[in-house]
Amino acid sequence: MSPAIIVVPCYNEEKRLEILQFRKHVMRHPEHSFLFVNDGSSDRTALILDDLHAADPDHFDVLHLSHNQGKAEAVRQGMQQALQSGVEYAGFWDADLATPLESIPDFVVQLEQMPERSMVLGARVKLLGRQIERKQLRHYLGRIFATSASTVLRLPIYDTQCGAKLFRVTRENQSLFATRFLTNWIFDVELLARSRQLERFFGCPRLEDTVYELPLTSWRDVAGSKVKPHDFFKAFFELCTIYWRYLRPSLKSPFTQLPAQVETQSKRKAA
């Protein structure tokens with residue numbers, strides 16, 4: 001299986017970080033590695049991560065941020081480093097392992113078997129035979145938000161906010177993490193909005209053809225989550241920001257500039 005690196009943002013995760021699970025995973029899948037981003041933690045998270053790196057530097061690396069900058073920026077900086085590390089696939093995963101690490105190979109397989117796909121997004125769909133344990137309030141608020149995000153993006157997406165995502169390493173995907181996000185809680189939606197801009201301004205393939213939602217076999221709400229019910233209401237204001245910056249019809253400039261060779265290739269594909 002092709003090598004993949006997974007970014008894990010961490011802020012005060014001393015009591016929730018299941019180090020043993022990460023160690024077991026790399027023993028079963030030595031082709032996978034992890035980049036932990038310590039987002040200015042004030043507890044012992046930094047020491048725990050440094051010890052993990054010292055014990056197995058081939059599979060565990062640590063990026064320390066000088067102060068807390070929020071999950072969006074921690075993921076962005078980690079992904080920038082991961083996408084430039086020479087692997088084929090790079091993604092990010094929640095530190096609480098709400099999505100089990102055992103799901104990573106399923107994400108990789110989707111990119112390996114379907115070369116046209118550029119990203120795989122986890123989807124928390126409660127189906128028979130699957131163990132999706134989610135609090136009712138968060139589920140219903142999540143469904144309302146997901147429908148709103150789908151409408152704004154004009155994309156039939158079921159779950160934008162699952163904390164498990166994997167990307168093929170391409171210059172287009174690298175550009176998605178090139179600049180700071182405007183949002184913090186829903187930067188996942190902002191990533192897709194940036195991809196929409198790549199379609200619009202550079203003729204890159206449509207999200208409908210390159211994004212795959214993978215229904216998870218297992219997911220659970222983990223105690224201690226930093227996301228609270230009132231944050232869903234904040235997310236709607238951020239959704240308006242995303243629409244205004246990336247998706248309004250009158251917009252004339254993209255959020256970034258693609259490298260010239262990518263822009264040329266994209267235009268050729270469109271032609």
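Helices H5 and H9 run roughly parallel to each other. They pack at an angle of about 10°, and their axes lie 11 Å apart. Please keep in mind as you look around that this is a predicted model.

**The H5 and H9 contact**

- Helix H5 spans residues 136-153, and helix H9 spans residues 231-247.
- From H5, the contact is made by Arg138, Leu141, Gly142, Ile144, Phe145, Ser148, Ala149, Val152 and Leu153.
- From H9, the residues that make the contact are Phe232, Ala235, Phe236, Leu239, Tyr243 and Leu247.
- By type, the residues of this contact of H5 with H9 divide into 12 nonpolar, two polar and one charged.

**Aromatic pairs and a cluster**

- Phe22 and Phe36 form an edge-to-face aromatic pair, with 5.1 Å from centre to centre and 70° between the planes.
- Phe22 lies in helix H1 (residues 19-28) and Phe36 in strand E2 (residues 32-39), so this pair ties together parts that are 14 residues apart in sequence.
- Phe177 is buried, with a relative accessible area of 0%, and Phe181 counts as buried at 10%.
- Which residues form one aromatic cluster? They are Phe92, Phe167, Phe177, Phe181 and Phe187.

**Charges over rings**

- Arg117 lies over the face of Tyr212, at 3.9 Å from the ring centre.
- Arg143 has its charged end over the ring of Tyr158, 3.7 Å from the centre of that ring.

- Asp43 lies in the loop between E2 and helix H2 (45-55), and Asp43 is partly exposed, with a relative accessible area of 25%.
- Not counting residues up to four places away in sequence, Asp43 touches Asn12, Glu13 and Glu14.
- Asp43 and Glu199 are 156 residues apart in sequence, and their C-alpha atoms are 43 Å apart in space.
- Glu238 is found in helix H9, where Glu238 is buried with a relative accessible area of 15%.
- Leaving aside neighbours within four places in sequence, Glu238 is in contact with Thr183, Asn184, Trp185 and Ile186.
- Glu238 and His29 are 209 residues apart in sequence and 38 Å apart in space, C-alpha to C-alpha.

**Positive phi in two loops**

- Leu97 is not a glycine, yet Leu97 has a positive phi of about 60°.
- Leu97 is found in the loop between strand E4 (89-93) and helix H4 (104-113), and Leu97 counts as buried at 6% relative accessibility.
- Arg154 is not a glycine either, and Arg154 has a positive phi of about 55°.
- Arg154 lies in the loop between H5 and strand E7 (164-168), and Arg154 is exposed, with a relative accessible area of 70%.

Key: Residues numbered from 1 in each chain as written. Predicted model: local features only at pLDDT ≥ 70, side-chain atom pairs only at ≥ 80, totals over all residues. Heavy atoms only, no water. Phe/Tyr/Trp six-rings, centres within 6.5 Å; stacked < 30°, edge-to-face > 60°. Helix = DSSP H or I, 4+ residues; strand = E, 2+ residues; numbered from the N terminus. Buried < 20%, exposed > 50% of the residue type's maximum accessible area, 1.4 Å probe, protein only. Lys NZ or Arg CZ within 6 Å of the ring centre and 35° of its normal. Axes fitted to C-alpha atoms, helices over the stretch in contact; angles between N-to-C directions. Parallel < 35°, antiparallel > 145°, perpendicular 65-115°, else oblique. Contact = heavy atoms within 4.5 Å. Nonpolar A, V, L, I, M, F, W, Y, C, P; charged D, E, K, R; others polar.
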